[in-house]
Amino acid sequence: MNINENDVAKLVQQVLQEMTSGAPASAPKAQAAPNGDIPKTAKVAMMTELKHFEIQEYPIPELGDDDILVRVEGCGVCGTDAHEYKNDPFSLIPVVLGHEGTGEIVKMGKNVKKDSAGKPLNIGDKVVTCMIFKDDPDITMFDLNKQNVGGADVYGLLPDDNVHLNGWYSDYILIRGGSTVFNVSDLDLDSRILIEPCAVLVHAVERAKTTNILRFNSRVVVQGCGPIGLICIAVLRTMGIENIVAVDGNEQRLAFAKRMGAGETVNFMNYKGIDNLANAVKDAFGGHLADFAFQCTGSPVAHSNIYKFIRNGGGLCELGFFINGGDATINPHFDLCSKEITLVGSWVYTLRDYATTFDFLKRAIAIGLPIKELITHRFPLEEMNEALETNLAQKGLKIAYVRKDLI
Ligand SMILES: NC(=O)c1ccc[n+]([C@@H]2O[C@H](COP(=O)([O-])OP(=O)(O)OC[C@H]3O[C@@H](n4cnc5c(N)ncnc54)[C@H](O)[C@@H]3O)[C@@H](O)[C@H]2O)c1
Ligand SMILES: [Zn+2]
């Protein structure tokens, strides 16, 4: 090959240009002088029709005295987003989705001093949002422990308005005064993206504890090893529960369940009939049925089955039906009454569970659980359609939008 001096100069110039325009350079710059770097406009991935996101650009509005402007770093793709993407069941189109998001504060109104747990907030802090209680500013973390969260809004499931920066599938989000916001600067980006689904399991385990059946030495069966079941196993492990059997039909997920802390696994596809399956679960516990069970699939049949895995006097937490998945058949005499099963349902979480979740994530990582490996796919904002399609195709576990320079 014949390269002359001119070519070399051109090549060097090109390499230098690539290095300086390379994305990572922008991250520290934003941290050093965040205010000075705020652009005039922000990009959002607007869902304009079913199964279609479009990148749109809007002016970043003036901040009110209680508002916070956050530069988004990432946001998990949730099953709810997938439902919205496919069918718009909440009639939100046009909408900026994304509620499992996190990012860095770049600007704050003059009244903003503390987060919802009383922790100081400063420019540069990393935050997550939780619920928005427009009609009841007096709701506190304590009240919320006693009530269901129905009636609250969340960023990422708000209809579009003249601000537009309402969801985390964006490069900036405007957090309006009165919203619940937590300072989570002591967690890394992956952990912050996983907070919302983890809070679901912290809550489910809190619900399970109300039965008084769950103990350190309980035999616990977790049915379903999607992200929800896998995180369930991690929460139990961080509590010191050792004896966990995971049930699923996917060998890869069962292998992950073991790494997350399940002692034994049962592949339901290998057993014909519920009696054989229940015996397999019993064998996995060394000849005993479970003291407690967590139902983490959206399958009505799985709900019917799970009673057979539980001993007389045992407990069940059903959390697999965030949305209506149809009716399930049980035999009230055999499954519930004669066995004296204590059953609790669990749905979403409270603000308190959210705060507990930050510590759970630190503990899970500290004891070596591969919690961050739950995020299997990361997409930049421009590829939200691909991100949602990947979720719908049930590839991987947790899909996330991550800002391009942080992928
Ligand atoms: N309670 C809540 O607030 C809440 C919050 C979020 C999600 N959810 C629900 O939790 C469920 C699980 O969520 P996910 O993200 O892990 O879903 P997922 O679809 O990724 O995982 C479900 C798993 O269950 C397994 N499965 C299906 N049928 C089974 C059976 N008969 N026996 C054993 N395993 C079976 C599948 O192989 C899959 O691995 C969903 O239905 C979701 O709606 C509830
Ligand atoms: Zn979610």
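**A walk through some strands and helices**

Reply: Strand β8 (residues 179-183) is mostly covered, with 5 of its 5 residues buried, where buried means 20 or more other C-beta atoms within 10 Å of a residue's own, exposed means 12 or fewer, partly exposed lies in between, and C-beta atoms are placed from the backbone. Strands (E, at least two residues) and helices (H or I, at least four) are DSSP runs numbered from the N terminus. This is a predicted model, in which local features need pLDDT of at least 70 and side-chain atom pairs count only at pLDDT 80 or more, while totals for chains, interfaces and linings use all residues. Residues are numbered from 1 along each chain as its sequence is written, and chains are lettered from A and ligands numbered from 1 in the order in which they are written.

Me: Which residues of β8 sit on each side?
Reply: Ser179, Val181 and Asn183 are on one side and Thr180 and Phe182 on the other, and all of these are buried. In a regular strand the side chains alternate between the two faces of the sheet.

Me: What does β6 do next to β8, and how many bridges join them?
Reply: Strand β6 (residues 126-132) runs antiparallel to β8, and 4 bridges join the two; strands pair if DSSP finds at least two bridges between them. Ile132 has Ser179 of β8 as its bridge partner.

Me: Switching to helices, how do α6 and α11 cross?
Reply: The axes of helix α6 (residues 227-238) and helix α11 (residues 351-366) come within 10 Å and cross at roughly 80 degrees, the axes being lines fitted to C-alpha atoms over the stretch in contact, with angles from 0 to 180 degrees between N-to-C directions. The contact is made by Ala234, Val235 and Thr238 of α6 together with Phe360, Arg363 and Ala364 of α11, where contact means C-beta atoms, placed from the backbone, within 7 Å.

Me: Which residues of α11 are buried?
Reply: Among them are Leu351, Tyr354, Phe358, Phe360 and Ala364. Past the helix comes Gly368, whose phi is positive, near 85 degrees.

Me: And Thr342, where is that found?
Reply: Thr342 is found in strand β14 (residues 342-345), and it counts as partly exposed because it has 18 C-beta neighbours inside 10 Å. Not counting residues up to four places away in sequence, Thr342 touches Thr211, Ile213 and Gly315. The C-alpha atoms of Thr342 and Asn312, 30 residues apart along the chain, are separated by 9.8 Å.

How values were computed
Contact = placed C-beta atoms within 7 Å.
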